[in-house]
Amino acid sequence: AWRDHGDVFELPIGRARVVVVAHPDGVERVLRANRDNYFKGPVYDNLRVLLGDGLATREGPGWKTRRRQLQPAFHTRRVRAQVPAMRAEAERVLAELRAQVPAGGVVDVSAAMTRLTFGIVGHSLFGLDLVAEAGATTGAIAAALEELAERGSTRPSFPLWVPTPGNLRLRRLVRELDARIAAVVAAGRSAGDRGDLLSALVGLRGAGELTDRELRDEILTMFLAGYETTALALAWSWYLLADAPEVQARLAAEAEGGLDVERLPYTRQVVDESLRLRPVAWIVARDVRADDVLLGRRIPAGATVLCSQLLVHRHPKFWRDPDRFDPDRWAPGAAGPGHDFAYFPFSKGPRVCIGSEFGLAECQVVLAMMARALTVLRLPDEVVGTRPLNNLRPDRPIRLAIRWRPAP
């Protein structure tokens, strides 16, 4: 549709008015210049079935208050303080892989990165060792997201109280996740204030600034945003790196100089380029309050606008050779896209992802540590496509061959 109809076009989805924006000028108007006209309305109701009214789905004045309450947990100083925990989890997963394929071999990178990031979220944001819970919790979240993806797409979407087979499965999964969140809250209360996100949330509940339901919604939102998006970003990075041995070599060489985030500028270039080509958040959706004009096209009130990273990040007007994996396009002094909204992997404007700095640091540390220990190679004839759901997922597990580097 983009090729046929240009940078703003409408998708024929039943009676809904769904408009896709694929140009940075339009993205800037939606997310910054006229942002009050574009809000998280009914388009997020499906995700609210799972996440409730957490920071990602909350709208209105209450969102600003909640953002201000949670922001200190993501301050740069606190993010840097979590780097040792990130390293420890990377070491743990590397040890698992060495035990699994001591002489090298094929590994499921998707699963390994999910275990790793879930462990980091447990230690860094919640101060808890949740590794033993990783399989059951991530499995329940993944199953719930799959069920939500089916609602209204391949079958009619009934209210959750209607006892359809899909609704019954979804209600069971939500109950399971509620029980797991309750256990996390109980552990956080018994541990006291440790200055992490969980302590902040429990403190807000104790002060009467959160209800039990709001506490649950925020914890589940941070779980989902904290482990799943980063796991996908890392898995896609390794998939792209498998075709770039020279980039892997540069990553490994840089890692020998230290694993602090500020010592890993080239690794950050790799992360940025991976997020450009495989943006985990592949669309930013907004509902329209009042009629507007985007890129010369009238957008009616009640429509839904999709600002697409998947398209904007490959726009040939802003990206030279846009389909090529080239971390050097982010090097100091490189020309860049020439538009501030040509790259927005964590969204843009006031609602930019609160955990973007945490996620970027996590990706840098993990990629550097693993590149220092191993190389990855693509399996012959195994091409992984994309499956865009709530995030840009692979259409199958990302399996790669790994070879261990000699110990220094």
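The structure is a predicted model, in which local features need pLDDT of at least 70, side-chain atom pairs count only at pLDDT 80 or more, and totals for chains, interfaces and linings use all residues. Residues are numbered from 1 along each chain as its sequence is written, and side-chain values use heavy atoms, with hydrogens and water left out.

The chain contains 15 helices and 12 strands; helices (H or I, at least four residues) and strands (E, at least two) are DSSP runs, numbered from the N terminus. Along the principal axes, the C-alpha atoms fill a box of roughly 60 × 55 × 40 Å. Of the 408 residues, 53% count as buried, where buried means under 20% relative accessible area, exposed over 50%, and partly exposed in between (1.4 Å probe, protein chains only). The chain exposes about 17700 Å², of which carbon and sulfur atoms supply 55%; accessible areas come from the Shrake-Rupley method with a 1.4 Å probe, and for residues only the protein chains shown count as cover. Among contacts with a separation of 6 or more, 73% are between residues 24 or more positions apart, a contact being heavy atoms within 4.5 Å.

Grid points are joined across faces, edges and corners, and a volume is the space filled by probe spheres set on the points. A search of the whole structure finds 1 cavity of 30 Å³ or more. The largest cavity holds about 50 Å³ of space. Its lining consists of Leu97, Val107, Val109, Ala112, Met113, Trp238, Met370, Leu374, Val376 and Ile402. The lining has 10 nonpolar, no polar and no charged residues; Ala, Val, Leu, Ile, Met, Phe, Trp, Tyr, Cys and Pro count as nonpolar, Asp, Glu, Lys and Arg as charged, and the others, Gly among them, as polar.

The second largest pocket has a volume of about 440 Å³. Of the 22 residues lining this pocket, Ser110, Thr114, Ala142, Leu232 and Arg393 are the closest to its centre. Helix 7, helix 8 (134–150), helix 11 (212–241) and strand 11 (392–394) each contribute at least two residues to the lining, with helix 8 giving the most, 6 residues. By class, the lining of the second largest pocket comprises 9 nonpolar, 5 polar and 8 charged residues.

Ala231 is located in helix 11 and is buried, with a relative accessible area of 4%. Beyond its neighbours within four places in sequence, Ala231 is in contact with Met113, Thr114 and Thr117. Ala231 and Cys363 are 132 residues apart in sequence, and their C-alpha atoms are 8.8 Å apart in space.

Val20, in strand 2 (residues 16–21), is likewise buried, at 7% relative accessible area. Not counting residues up to four places away in sequence, Val20 touches Asp7, Val8, Phe9, Leu11, Leu306, Ser308 and Leu311. The C-alpha atoms of Val20 and Trp2 are 8.6 Å apart, with 18 residues of separation in sequence.

The loop between helix 14 (309–312) and helix 15 (356–373) contains Ser347 and Ala342. Ala342 is buried, with a relative accessible area of 0%. Leaving aside neighbours within four places in sequence, Ala342 is in contact with Pro24, Val312, His313, Phe318, Trp319 and Pro337. Ser347 also counts as buried, at 11% relative accessibility, and has a phi near 70 degrees, a positive value in a residue other than glycine. A positive phi, near 65 degrees, is also found at Asp381, which lies in the loop between strand 9 and strand 10 (386–388). Asp381 is exposed, with a relative accessible area of 82%.

How values were computed
1 Å grid on protein atoms, 1.4 Å probe; cavity = no way out; pocket = protein on both sides within 12 Å on 5 of 7 lines; lining within 4 Å.
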